[in-house]
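Subject: Structure handover

Hello,

Here is the structure you were waiting for. My notes follow below it.

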Amino acid sequence: MPDLAQLKLELREIHGAHEFTAYYDLRWRVLREPWMQARESERDQRESDAIHMGCWAEGRLAGIGRLHLNSKFEAQIRFMAVESGFDRQGIGTQILLELERHACLKGTLTVVLDARKSAMPFYEKHGYKSISYAGLLFDQIEHWKMSKSLYEAKKSNPGAPASPLTLL
Ligand SMILES: CC(C)(COP(=O)(O)OP(=O)(O)OC[C@H]1O[C@@H](n2cnc3c(N)ncnc32)[C@H](O)[C@@H]1OP(=O)(O)O)[C@@H](O)C(=O)NCCC(=O)NCCS
């Protein structure tokens, strides 16, 4: 397992055909391939108007996530995936917080997502609350709809990193 304390991490949006190839490949390998899903099943209708975030470790794409708007007030995060061997070292957290920051910049007050049961502790740690059962993916993976109020999060933690919410 790589020692992330020694690695140089870079967090930024995905750009260009080469990076998008690596991005969709990582998404497919982590979120689709283990359930025998075809290539391109890792994409949906919102790719063109979403924010695609990546975290590189020494030049290698190690984690990804995506944000799109459901409405003026609500953003949705999908396709969070950290490369095997890089998990539980804070990369998912960095991506999630950066996507939330972008949600703030877009003026939304709530972020929603459909969490795999196995990932719920990760989202709960970051203030997401489960709202309702969202069904089975690939007839196997239990999902729960979760939500986080960015406004409430900022109110209850005024010392949180600066964001447009400080203007509220
Ligand atoms: C879920 C995922 C994105 C989290 O990314 P990550 O880089 O591993 O998460 P972090 O290291 O930032 O975790 C932060 C905290 O969340 C919690 N957490 C993360 N993964 C967890 C898990 N599998 N079980 C329990 N708690 C977990 C822990 O409290 C962790 O802190 P700790 O390691 O100090 O205990 C990543 O593990 C992943 O890609 N999983 C497989 C794909 C997936 O399920 N994606 C989500 C689809 S909804």
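In which loop does Arg-88 lie? Arg-88 is in the loop between strand 4 and helix 2. Helices (H or I, at least four residues) and strands (E, at least two) are DSSP runs, numbered from the N terminus.

Two remarks on reading the rest. This is a predicted model, in which local features need pLDDT of at least 70 and side-chain atom pairs count only at pLDDT 80 or more, while totals for chains, interfaces and linings use all residues. Residues are numbered from 1 along each chain as its sequence is written.

Seven strands make an open sheet in the order 1-2-3-4-5-7-6, with mixed pairing; two strands pair if DSSP finds at least two bridges between them. At the edges are strand 1 (9-13) and strand 6 (129-137), each of which pairs on one side only. On average, neighbouring strands are turned by 20° against each other, direction ignored. Axes here are lines fitted to C-alpha atoms, for helices over the stretch in contact, and angles run from 0 to 180 degrees between N-to-C directions.

Strand 1 pairs with strand 2 in the antiparallel sense over five bridges, and Leu-11 stands opposite Cys-55 in strand 2. Strand 2 is also antiparallel to strand 3, over seven bridges; there, Cys-55 stands opposite Gly-63. Strand 2 is largely enclosed by the rest of the structure, because five of its seven residues are buried. A residue is buried if 20 or more other C-beta atoms lie within 10 Å of its own, exposed if 12 or fewer, and partly exposed in between, with C-beta atoms placed from the backbone.

At the other end of the order, strand 5 and strand 7 are antiparallel over seven bridges, with Leu-113 opposite Met-146 in strand 7. Strand 6 and strand 7 also run antiparallel and are joined by seven bridges, and Lys-129 stands opposite Ser-147 in strand 7. Strands 6 and 7 form a hairpin with three residues between them, where Phe-138 in the turn has a positive phi of about 55°.

Helix 2 lies across strands 1, 2, 3, 4 and 5, running at about 30° to strand 3. The largest nonpolar core has 31 residues, and Ile-64, Ala-81, Ile-95, Leu-99 and Ala-103 have the most contacts inside it. Such a core is a set of buried Ala, Val, Leu, Ile, Met, Phe, Trp, Tyr and Cys residues joined through C-beta atoms within 7 Å. Helix 1, strand 2 (51-57), strand 3 (60-69), strand 4, helix 2, strand 5 and strand 7 (141-149) each supply at least two residues of this core. Leaving aside neighbours within four places in sequence, Ile-64 is in contact with residues including Tyr-23, Met-53, Phe-79, Ala-81 and Ile-95; two residues are in contact if their C-beta atoms, placed from the backbone, lie within 7 Å.

The ligand

There are 19 residues around the ligand, of which Asp-87, Gly-92, Thr-93, Pro-121 and Phe-122 come nearest. A residue is near a molecule or strand if its C-beta atom, placed from the backbone, lies within 6 Å of it. Helix 1 (16-31), strand 4 (74-82), helix 2 (91-105), strand 5 (110-116) and helix 3 (120-125) each supply at least two residues of this shell. By type, the shell residues divide into 10 nonpolar, five polar and four charged. Ala, Val, Leu, Ile, Met, Phe, Trp, Tyr, Cys and Pro count as nonpolar, Asp, Glu, Lys and Arg as charged, and the others, Gly among them, as polar.

Individual residues

Arg-88 has a positive phi of about 60° although it is not a glycine, and counts as exposed, with 10 C-beta neighbours inside 10 Å. Glu-40, in the loop between helix 1 and strand 2, has a positive phi of about 80° and is not a glycine either. Glu-40 is exposed, with 9 other C-beta atoms within 10 Å.

Glu-74 is in strand 4 and counts as partly exposed, with 14 C-beta neighbours inside 10 Å. Its C-alpha atom is separated by 6.3 Å from that of Leu-109, 35 residues apart along the chain.

Regards
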